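Work through the exercises below with the sequence and the 3D structure in view. Try each task before reading its solution.

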Amino acid sequence: MRTKTMLGLTTALTLAVSAFAAGADTIKIAFIDPLSGPFAGTGTNGLHQYEFAAEELVNKKGGVLDGDMFEIVAFDNKISPKESLIQLQVAIDQGIRYIAQGNSSGVANALTEAINKHNRRNPDDRVLFLNYSAVDPALTNDKCNFWHFRFDANADIKMDALTDSIVSNDEIEKVYIIGQDYSFGKAVASAAVRYLGEKAPEIEIVGNELHPIGKVKDFTPYSRKIVASGADAVITGNWGADMVGLGKSVLENGFTGPIYTYYAAADGITAAFGDAGVGSLRLVAEGQLNPPPNDRASEYIQAFKAKYPDGNLSQARITNVIEMLAKAINEAGTADDVVPVAYALAGMEHESLWGGNLMMRESDHQLIQNVHIMEHTSDVVHDHDNSGFGVKVVKTVEMAAADSPTTCEMRRP
Amino acid sequence: MDLILVNLIDGLVTGLLLFMLSAGLTLIFSMMGVLNFAHASFYMLGAYFAFQISLYLGFWMGLLIAPLVVGVLGAGVERYGLRRVHQYGHVPELIFTFGLALLIEELVQFIWGKNQMPYATPEILQFTAFSIAGNSIPAYKIFMIFISIAIFIGLLYVLTRTRVGMIIQAALTYPKTVEALGHNVPLIFMGVFGVGTALAGVAGVIAGPVLGTFPGMAFVLGSIVFVTIVIGGLGSLWGALVASLLIGWITTFSKAYNLRMEDLLTWLGFTKPEPIWDSAWRDLWSITSPQIADILPYILMVLILIFRPYGLFGKRDA
């Protein structure tokens with residue numbers, strides 16, 4: 001009796017194990033971003049978009065290779081570079097080969113350095129870094145490496161498109177630049193000064209200043225200065241509460257011109273502006289939601305909203321990350337060795353879910369894509385924050401900065 | 001010249017808002033001798049409650065109901081929290097209010113989330129009251145000024161002209177004597193705490209639409225309120241008013257004008273070291289007034305503490 005039970009058990013176990021081995025594997029992608037603290041909202045929303053993209057675009061279509069499924073594993077880095085390195089080690093120890101991160105270029109700089117070092121020392125379990133949001137230009141220039149891929153347009157590319165739009169507007173003769181006092185705010189300001197100087201030296205920069213990040217109670221004195229300077233347009237890299245505070249105050253105090261921003265959409269910002277932002281707020285970004293680029297994108301947005309009614313498809317590029325990674329793994333024929341996957345990704349061309357082509361530039365692993373100037377309006381099909389307002393594309397720069405120079409000197413394995 | 005007038009008005013709005021917060025706090029401080037770290041959290045609660053109410057009943061009902069709710073909540077905190085902790089001394093009280101501040105912030109994030117709420121000014125006040133040289137003054141700002149001044153006059157009247165006010169003032173200085181005369185001092189304390197937090201609630205209701213209703217709103221205002229009451233003098237309503245206005249104008253003007261440290265130092269007779277980027281004094285020479293606007297009140301506080309420790313209008317020696 002007993003031996004029979006043992007035999008039965010063993011058989012069952014063997015069967016289970018072999019079934020597991022023969023069946024679908026999972027390919028894990030580590031999502032290292034803030035899931036607690038002040039930026040938890042952004043991080044969590046990004047995680048949902050990743051999970052949804054993996055499920056909808058890969059797993060429901062039968063996965064990659066011979067039925068391997070994507071799985072997103074979340075790691076909370078509290079937006080600290082130090083914490084991120086610990087989480088990176090945990091992810092590597094769990095055998096994860098793909099690392100996705102986006103919030104804060106500070107974190108991305110730490111991760112890309114650590115991953116480069118790790119891959120050099122451990123040729124047997126190398127990992128890839130899928131940077132979907134950190135836009136510091138250095139990541140694909142001086143600090144570039146073979147393992148890092150950036151899917152968002154970097155700060156310089158965005159500023160290039162943004163200044164194009166300013167230059168083409170004859171009504172703008174004076175520009176005011178204002179931003180948060182830290183590396184990104186400074187990068188935006190210097191890029192704005194550089195591009196405006198090159199493209200239209202006749203445009204006067206009537207103000208260029210930084211304010212403390214996250215500490216300004218009332219933006220009124222700043223808006224008074226902006227109005228008094230006679231500026232026709234404002235450029236700002238502000239995000240979060242600083243974006244809402246600055247924007248609302250500037251509009252309330254009588255500014256009527258366009259406000260060019262990087263991040264004035266979703267995460268409560270669209271709802272907070274509401275009617276006040278119409279006609280003024282502009283946004284430079286990739287990923288077209290309105291007017292809907294195609295039926296497939298509309299269906300995708302509706303399905304996402306059905307699953308996460310309070311969520312926003314605020315980072316369209318996440319679908320590009322998932323689709324291009326799946327394609328690269330299929331091309332390479334393996335998910336375990338990331339070197340062929342990286343070679344497949346580099347130079348890959350792909351048609352985005354959001355319309356337009358994507359090209360992962362081989363020289364620096366910067367994704368070249370359409371960059372849009374969007375405006376805040378109620379004339380949208382897919383809104384943000386369930387507010388009835390959203391962003392609509394008004395101008396597109398096709399394959400922005402495709403031939404821009406890079407200082408990247410990549411060493412390939 | 002026109003801009004000076006505009007900045008005077010802006011500074012007045014900032015100052016009066018600060019006053020509504022510090023008025024309650026300065027009474028509570030002088031009464032219990034304890035810093036209520038959670039005071040700015042009640043301000044935040046006021047804004048969130050008013051936002052929630054405004055979704056159903058409109059802005060004006062929010063302005064009416066939210067401060068009452070906050071006041072009752074504050075009174076409850078005093079009655080069932082602080083009063084029990086009081087017997088163990090000041091340090092536990094301090095820790096209690098500090099914990100309360102953290103708790104309220106987490107609670108707000110739990111209920112309303114981390115995003116900014118779309119709390120807007122009422123439509124009836126969404127117009128430009130008047131313009132000075134192209135700088136528009138929104139009607140809502142004028143409304144804020146009137147509400148604050150009305151509250152100040154009301155408070156001043158109650159505290160100095162009514163029987164209740166006399167008893168409160170007496171209880172602030174000689175609680176034991178007042179109790180011996182047959183007055184219920186714990187009830188007075190609870191009432192003052194309730195009114196103080198309700199005032200913070202009013203400030204939250206009217207500031208929420210312009211300064212933003214988000215979980216960090218208590219944090220950005222928290223420390224400056226303490227600075228105000230220290231500068232003004234503990235327990236002095238006039239002190240709170242003068243200090244608030246002073247801070248409002250100082251920060252507004254230093255942000256609105258790009259005064260450069262370089263000019264000041266040159267005027268004082270120093271010579272600029274050349275080349276500047278190699279000098280150890282580089283940071284000092286390149287400071288502009290908007291950069292240091294937010295720490296000016298703290299510098300003022302330090303000066304006040306050195307030269308007049310009991311504050312501008314304080315009566316007792318600290």
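**Exercise 1.** In which strand of chain A does A:Y176 lie? Then decide whether A:Y176 is buried or exposed.

*Solution.* A:Y176 belongs to strand β6 of chain A, residues 174–180. Helices (H or I, at least four residues) and strands (E, at least two) are DSSP runs, numbered from the N terminus. Next, count neighbours. A:Y176 has 26 C-beta neighbours inside 10 Å, so A:Y176 counts as buried. The cut-offs are 20 or more other C-beta atoms within 10 Å for buried, 12 or fewer for exposed, and partly exposed in between, with C-beta atoms placed from the backbone. Leave out residues up to four places away in sequence, and A:Y176 touches A:V206, A:G207, A:I226, A:S229, A:A231 and A:V234. Touching, or contact, needs C-beta atoms, placed from the backbone, within 7 Å. Last, A:V127 is 49 residues from A:Y176 along the chain, and their C-alpha atoms are 43 Å apart.

Before going on, note the ground rules. This is a predicted model in which local features need pLDDT of at least 70 and side-chain atom pairs count only at pLDDT 80 or more, while totals for chains, interfaces and linings use all residues. Residues are numbered from 1 along each chain as its sequence is written, and chains are lettered from A and ligands numbered from 1 in the order in which they are written.

**Exercise 2.** At what angle do α2(A) and α11(A) pack?

*Solution.* Find α2, residues 40–58, and α11, residues 317–332, both in chain A. They pack at about 40°, and their axes are 9 Å apart. That angle makes α2(A) oblique to α11(A). Angles under 35 degrees count as roughly parallel, over 145 as roughly antiparallel, 65 to 115 as roughly perpendicular and the rest as oblique. The crossing is right-handed: the near helix is turned clockwise from the far one by less than a right angle. Now list the contact. From α2(A) come A:G46, A:Q49, A:Y50, A:A53, A:A54, A:L57 and A:V58; from α11(A) come A:I318, A:T319, A:I322, A:E323 and A:A326. By class, these are eight nonpolar, three polar and one charged. Ala, Val, Leu, Ile, Met, Phe, Trp, Tyr, Cys and Pro count as nonpolar, Asp, Glu, Lys and Arg as charged, and the others, Gly among them, as polar.

**Exercise 3.** Which residues make the contact of α7(A) with α8(A)?

*Solution.* Start with the axes. Those of α7(A) and α8(A) come within 9 Å and cross at roughly 50°. α7(A) is therefore oblique to α8(A). The crossing is right-handed. α7(A) supplies A:T220, A:Y222, A:S223 and A:I226, and α8(A) supplies A:L246, A:S249 and A:V250. Four are nonpolar, three polar and none charged.

**Exercise 4.** Which element gives the most to the side of chain A that touches chain B?

*Solution.* The contact takes 28 residues from chain A and 27 from chain B. On the chain A side, α2, β7 (204–211), α7 (220–228), α8 (240–252) and α9 (269–273) give two or more residues. α7(A) gives the most, with seven. The residues on this side divide into 11 nonpolar, nine polar and eight charged. For the complex, the predictor gives an ipTM of 0.77 and a pTM of 0.80.

**Exercise 5.** Which element of chain B has the lowest mean pLDDT?

*Solution.* pLDDT is the predictor's confidence in each residue, from 0 to 100. Chain B has a mean of 88, with 99% of its residues at 70 or more. Helix α12(B), residues 282–285, has the lowest mean among its elements, 78. Helix α2(B), residues 39–57, has the highest, 95.

How values were computed. Axes are lines fitted to C-alpha atoms, for helices over the stretch in contact, and angles run from 0 to 180 degrees between N-to-C directions. Two residues are in contact if their C-beta atoms, placed from the backbone, lie within 7 Å.
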